[in-house]
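Subject: Structure for you to look at

Dear colleague,

I am handing over a structure that I would like you to read alongside this message. Please open it first, and then follow the notes below with the model in view.

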Amino acid sequence: MLFEPKDVFQKLEFDKVLALLEKEALTPLAAQELAALSPFQRFEEIDQRLRETREFKLALEKNDRFPLDAYADIRPDLRMLDIEGYTLSAESFQAILRILLIVRDIFKYFGGGPKKEIYPKLYEIIRPLSFDEGLIKAILAVFDEKGDIRPDASPELQRIRREMQHKLRELDSRFRQIIQEYRAKGWLSDTPETFRNNRRVLAVPAEHKRKVRGIIHDESDTGRTAFIEPDAIVEINNDLFDLELEERREIFRILKALSEQLRPYGELLHHYLDALIRFDVIQAKARLAMALRANMPILKEKPVIGIRKGYHPLLFLKNKTLGRKTIPFDLRLNAENHILILSGPNAGGKSVAMKSVGLLQIMVQCGLLVPVHELSEFGIFRQFFADIGDQQSLDDDLSTYSSRLQNARVFLEKATPQTLVLIDEMGSGTDPKPGGAIAEAVLRALHRKGVYAVITTHYSNLKVFAFRNPGILNANMNFDKDSLSPTYELRVGRPGSSYAFEIAAKNQLPKELIDYARQRSGSETAVDDILIELQREKQELEEKLRALYEKEQSLDRLIKTYDSLHSDLEVRRKRLKLEQKEFELRQSANTSREVEKLIRQLQSEKNLDKAKQVAAQLRQDRAEKARQVDDVNAEVVRLEEKNAPSAAARPLAPGDFVRLRAGGATGRIESIKGQKAIVELGELKVTVLLRDLHPAAEPLRQTASIGNTDLQKTATFDAKLDLRGMSKDEALKVIERFVDNALLANANSLRILHGKGDGILRRVVRQKLREYGGNIAQVYHPEQNEGGDGVTIVELA
């Protein structure tokens, strides 16, 4: 990652964002990580960080407490633990225990309920790790809940402390006796006892110290009081001192054994600490995101900036504290339009908008959620260049303009299409004419390199260059001419004016001065006004062309949809007609027995002529029905092949619906072996050559009962419709449903009663019928005695 100059973070105020993050960290360890945060370049890494932060933010929003608390830095302890034979201190074990308890709670958090599915990226952090409850048990076997060594940490320690308690009771009893005795003699001070050198001693006035036999440990500052350990308890105190030494030796032995027990887990403890630091960093990012009302944008691998309702993070927080409204902005830069020339009045928000783009981009690549709409898009940049503010240097003998030229040289040398360039007040710092010309040359070179850039300026020639060259957009910060104050709204598509004369008038500069300035600026102001007008007209024309193109696309989709629906309806109608004919043919076959019985009866009555006549009529009827079935079947096959060319273009496969060339039955392919296929026809399975199969759509009806139901509905279709009393919208819906049912029922003629009136319903009927095109053979009104203009007769094709 390349930054030019090196203080880009300070120029864009990203260092202030890092400071806010550090405040949210639970520990100095996470704060150090956040202070060193820098943009990532790999898509997978950025995406991972963004999703982790979004998931933690979701947990905060749901009040789903994540079990993360403060913890200590155990890395020095773990380094010492790597040394064979080294013994950790009690404080070190307490720090390790704290981390183990937090990690255990995190494992429990993901172990219960659907947390792994709700927060998958957070779970991935600890998924590779294992947790050994035995480590916590080993430490708790030595330490109590207050962090002190347990009395029963070992049998030897238990014995030593039991003896110490016994000696303390003996010491206390003997001391009380001595105090009573010496107090009665008046040899003790008002406060008779205290401790010196870890020994229990008597406070004896100096004039009586020769009367008390024992060891003098100390005297008061004034010399009036001596602190004496009586001879009678010296031996007891010596015994206690020896027991304390034994206790320390036993505690050291216990801690050494515990250190040996933990030593093999040093690397795992390192991983636990790293995981907690990672979670700490994520929670800090999530808490800042909550304050910013930030979202995760759509991340793209290639450079792109598509900001919707974006805010400058620091400005948003400041205004939020002051109760002010922050104005959002929209901006899109892509391969087609990758440079934005931003103009407008001073103090109108140009620099803030420009910095917002750079700051938001850096935050996203650092894995931070940003205050934009969630449908915003951010790509990935490899370089960040910024020329912002006064960079003159006395040490390097650089003026403001010289520093700008040096920046321009470096930018042009190192820039690539994956570079984001931010330049504030391009070309300023020198004479406007040569300065503007050099700025235009630099802009031209940056444009040719394909860099992404946001550039603020007041120079008209840069606005004109943007107008004339594709790939560069003009934009302005809106200015309210009535109140002569900025609105801080970013508007892309038109250049802005500096409104210098208007602002001068608002600041009560004398009118004659302003008039003189207008006269002197003359042509330059006119160029700005003309350019703004041209850009407005161009933008309006582009918007109209875009709207027209969208309407054209929408119309094409509607026509295709209509054609598809119309073809589908035609296929369904033909298939329904086919099923009707097949049903009639089956009914004819079912009555054959009765016909044969009738023929036998006629033969028995020796009426041979009539029997022959009935048989011939039966054969003729069945032949006619079979011919009709074949005709309709052929028509269905033709329509299905026409409407499903893609199905016909690919080889048949098991599961496809097919129609048999012979007979026209439709079934599903169960399996294919060589050039033959096994086809399921209801309960029947047949083996057919592949060349005798045609691709077909899934049948409308899969069972005979469904077919019979539809045929019954068809049989009961009423070819008359009464629209009188209906509104236009109601009539349109009823007519559509009526004609669709008529087509499915294979009706021939329809009668629609709409009345005469003012002819509105009659025109509605005609309008709707025109949508059915070739399905309508004729539309007319009957004779006056049959309804005349109040009735429309429809003959179906």
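Two strands pair if DSSP finds at least two bridges between them, and helices (H or I, at least four residues) and strands (E, at least two) are DSSP runs, numbered from the N terminus. This is a predicted model, in which local features need pLDDT of at least 70 and side-chain atom pairs count only at pLDDT 80 or more, while totals for chains, interfaces and linings use all residues. Residues are numbered from 1 along each chain as its sequence is written, and side-chain values use heavy atoms, with hydrogens and water left out.

I begin with an open sheet, in which four strands are arranged in the order 2-3-5-4 with antiparallel pairing. Strand 2 (193-196) and strand 4 (214-219) stand at the edges with a single partner strand each, so one side of each is left without a neighbour in the sheet. Direction ignored, neighbouring strands here are turned by 45° against each other on average, where axes are lines fitted to C-alpha atoms (for helices over the stretch in contact) and angles run from 0 to 180 degrees between N-to-C directions. Strand 4 and strand 5 (residues 225-230) are joined in the antiparallel sense by five bridges, and Ile215 has Glu229 of strand 5 as its bridge partner.

Two helices accompany this sheet. Helix 10 (residues 155-185) lies across strand 2, strand 3 (199-205) and strand 5, and runs at about 5° to strand 3. Helix 11 (residues 231-262) packs on the sheet and touches strand 3, strand 4 and strand 5, its direction making about 65° with that of strand 5; contact means heavy atoms within 4.5 Å.

Helix 16 contributes Gly436, Ala437, Ala439, Glu440, Leu443 and Arg444 to the contact, and helix 17 contributes Asn461, Leu462 and Phe465.

Lastly, strand 22 (residues 749-753) pairs with strand 21 (residues 720-722) in the parallel sense over three bridges, with Lys720 opposite Arg751 of strand 22. Strand 22 also pairs with strand 24 (residues 791-796), in the antiparallel sense over five bridges, and there Leu753 stands opposite Val791.
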